[in-house]
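Hi everyone, and thanks for coming. Please have a look at the structure on the screen, and then I'll walk you through it.

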Amino acid sequence: MKAMHTMKKPLAALLAVLLMFAFAACGADGSSGSQGEEEKAIGSALELLTTVWDSYGEEERFAAAGGDMSEENMTMDSPGKFSVSDAAALDTTLGFPEAAVDKIDDAASLVHMMNANTFTCGAYHVKDAGDLQEVSAALKDNILQRQWLCGFPDRLMIMQTGGYVVAFFGEEEITGTFQEKLVAAYPAAETLCDEPVA
């Protein structure tokens, strides 16, 4: 009886050690996954566009400006924050529909300085992830029905990643480069619209 009792103690200790390692391994996997997700989190619409723009080489860049017309937000040669308080300016400048402005709480822009039809890009944080498709569809319709001056853009693209919608239109090569850079910076980015502008 004593022999059996002494054998149970090492077995129980071994099981305890094995369980401890199993739980530690699960904990390590779970924590590294959540850290990975946190690293991929996008802090703002401006951060998203700046990350993409900063990945451009000097020879790939074009004369650009960003932000709205306020002294605080207007930038040269980089993206800028665009206030969501002026729905008319969002529509006129970036093609974001006034009727959907209540669904976003952050915006930024990057526009070709010589001609907005060469390249215009807006990034928007959608408050409710359930509204991403609705916002994207409204953006697409609003941009495609615009009356174009000074030539037509070639292509409209709308992508989404991390709760943000990014809509950009312009010359074929410039929009293609921006799409490549966006996907390289945010591999989870998904294309919602890729259409020629008729």
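**The cores**

Let's start inside: the largest nonpolar core has 25 residues, and of these Leu90, Phe96, Tyr124 and Leu139 touch the most other members. A nonpolar core here is a set of buried Ala, Val, Leu, Ile, Met, Phe, Trp, Tyr and Cys residues joined through side-chain atoms within 4.5 Å. Buried means under 20% relative accessible area, exposed means over 50%, and partly exposed is in between, with a 1.4 Å probe and protein chains only. Two or more residues of this core come from each of helix H3 (87-94), strand S4 (104-112), strand S5 (119-126), helix H4 (132-144), S6 and S7. Those labels are DSSP runs numbered from the N terminus: helices are H or I with at least four residues, strands are E with at least two. Apart from this core lies another one of 24 residues, among them Leu49, Tyr56, Leu110 and Val166.

Before going on, please keep in mind that this is a predicted model: local features need pLDDT of at least 70, side-chain atom pairs count only at pLDDT 80 or more, and totals for chains, interfaces and linings use all residues. Residues are numbered from 1 along each chain as its sequence is written, and side-chain values use heavy atoms, with hydrogens and water left out.

**The chain overall**

How many helices and strands are there in the protein chain? There are five helices and eight strands, and along the sequence they follow the pattern α-α-β-β-β-α-β-β-α-β-β-α-β. The protein chain has 198 residues, and buried residues make up 40% of them. Now for contacts, meaning heavy atoms within 4.5 Å. Of the contacts in the protein chain with a separation of 6 or more, 62% are between residues 24 or more positions apart.

**Helix H3**

Back to H3, where Ala87, Ala89, Leu90, Asp91 and Leu94 are buried. Which elements do the buried residues of H3 pack against? They pack against S4, S5, H4 and S7. Leu90 itself touches Phe82, Ser83, Val84, Gly95, Phe96, Val101, Ile104, Ala107 and Tyr124, leaving out residues up to four places away in sequence.

Next, find strand S6 (residues 155-161), where seven of seven residues are buried. In a regular strand the side chains alternate between the two faces of the sheet. In S6 both faces are covered: Arg155, Met157, Met159 and Thr161 are buried on one side, and Leu156, Ile158 and Gln160 on the other.

Two strands pair if DSSP finds at least two bridges between them. S6 runs antiparallel to strand S7 (residues 164-170), joined by seven bridges, and Arg155 has Gly170 as its bridge partner in S7. The two strands form a hairpin with two residues between them, and Gly162 in the turn has a positive phi of about 55°. S6 also pairs with strand S8 (residues 190-196), again antiparallel, over six bridges. In S8, Cys193 is the bridge partner of Ile158.

Asn117 sits in the loop between S4 and S5. Why does Asn117 count as buried? Because its relative accessibility is 11%.

Val197 is in the segment after S8, and it is buried, at 10% relative accessible area. Val197 and Asp154 are 43 residues apart in sequence, yet 5.5 Å apart in space, C-alpha to C-alpha.

Last, Asp77 is in the loop between S2 and strand S3 (80-81). Asp77 is not a glycine, although its phi is positive, about 65°. With a relative accessible area of 49%, Asp77 is partly exposed.
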